[in-house]
Protein chains: 2
Amino acid sequence: MQDSTANVERFDWLDEIRWTDDGLVPAIAQDANNGDILMMAWMNRASLKLTVAEGQAVYWSRSRGKLWRKGESSGHQQVLKDIRLDCDADVILLKVEQKGGIACHTGRRSCFYRTLQDGQWVSAEPVLKDPNAIYGSN
Amino acid sequence: MQDSTANVERFDWLDEIRWTDDGLVPAIAQDANNGDILMMAWMNRASLKLTVAEGQAVYWSRSRGKLWRKGESSGHQQVLKDIRLDCDADVILLKVEQKGGIACHTGRRSCFYRTLQDGQWVSAEPVLKDPNAIYGSN
């Protein structure tokens with residue numbers, strides 16, 4: 001049932017998510033225009049809340065242990081178009097506009113650029129921009 | 001460098017994956033025809049090997065603690081068209097043909113059927129088939 005006082009800031013929707021023991025949820029980013037899967041990363045409660053509040057993807061970097069505003073170094077932000085939750089409430093799907101057309105730190109469009117061929121992972125997508133040019137080499 | 005004796009059965013490609021401490025890797029299933037993201041589940045080494053060997057998705061059910069041949073009850077198998085690995089080697093992407101056009105146990109096409117609207121998760125995709133008719137109610 002809809003609450004008619006829903007204008008009050010409410011975050012019940014965050015409580016519906018089944019977070020891991022570490023307080024995380026996997027988030028898949030999909031290109032809203034052509035359906036390409038760009039990447040998967042992790043979010044904690046704070047980063048998911050910021051993603052919705054700011055309208056662009058904010059992940060939780062497990063390796064760096066801090067919030068990771070996608071594109072903060074590269075300029076390749078992901079503008080939020082739609083956000084989905086799966087039936088088990090333990091995976092998030094973001095439909096995004098990928099700025100610069102590059103999601104991967106290798107300079108490729110998608111992080112899923114390796115395909116299995118004759119028992120080997122081989123690159124199936126071109127590097128669109130030299131990572132040194134994206135992040136600076138100094 | 002390519003090994004010219006590659007005809008020998010080799011599973012080096014499985015060793016390249018960065019499994020979790022529990023020996024798992026998340027696997028995203030995407031409709032190979034229209035790009036829809038259907039679901040995300042987990043695989044262990046045995047299930048991923050079987051997925052490639054059998055040409056259809058075999059997951060590891062964490063709740064049941066056993067191999068889960070997708071479609072074994074519903075008939076909604078996922079026929080493998082392409083398999084991808086991401087840049088960090090810790091997420092798998094399966095491009096599949098979804099038998100029956102239904103991936104979700106709720107009878108919907110995709111498990112990602114809830115969208116965030118005014119601070120609430122609401123269903124945005126129709127039930128195509130009654131789950132009782134899919135799984136039997138007896």
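Q: In this predicted model, how many of the eight residues of strand 5 of chain A are buried?
A: The model is predicted, and a residue counts as buried in it when its relative accessible area is under 20%. Strand 5 of chain A covers residues 78-85 and is mostly covered. The number of its eight residues that are buried is six.

Q: Which residue in the turn between strand 5 of chain A and strand 6 of chain A has a positive phi?
A: Strand 5 of chain A runs antiparallel to strand 6 of chain A (residues 92-98), and seven bridges join the two. Within this pairing, D82(A) stands opposite K95(A). The two strands form a hairpin with six residues between them, and the turn residue with a positive phi, of about 60°, is A89(A).

Q: Which residue of chain B stands opposite R84(A)?
A: Strand 5 of chain A is also joined to strand 7 of chain B (residues 114-117), by two bridges and in an antiparallel sense. Two bridges are what a pairing of strands requires, so these strands of chain A and chain B count as paired. In strand 7 of chain B, the residue opposite R84(A) is T115(B).

Q: Which residue of chain A comes closest to the rotation axis?
A: Chain A can be laid on chain B by a turn of 180° and a shift of 0.0 Å along the axis, with an RMSD of 0.0 Å. That is the relation of a two-fold axis, and the same surface serves both copies, since 100% of the contact residues of chain A recur in chain B. With its C-alpha at 2.5 Å from the axis, the residue of chain A that comes closest is G35(A).

Q: Is K81(B) buried or exposed?
A: K81(B) forms a salt bridge with E97(B), in which the closest N and O atoms are 3.7 Å apart. The pair links strand 6 of chain B, which holds E97(B), to strand 5 of chain B, which holds K81(B). E97(B) counts as partly exposed at 28% relative accessibility, whereas K81(B), at 52%, counts as exposed.

Terms used:
Residues numbered from 1 in each chain as written. Chains lettered and ligands numbered in written order. Predicted model: local features only at pLDDT ≥ 70, side-chain atom pairs only at ≥ 80, totals over all residues. Heavy atoms only, no water. Buried < 20%, exposed > 50% of the residue type's maximum accessible area, 1.4 Å probe, protein only. Helix = DSSP H or I, 4+ residues; strand = E, 2+ residues; numbered from the N terminus. Least-squares fit on C-alpha atoms with pLDDT ≥ 70 in both. Contact = heavy atoms within 4.5 Å. Salt bridge = Lys/Arg side-chain N within 4 Å of Asp/Glu carboxyl O.
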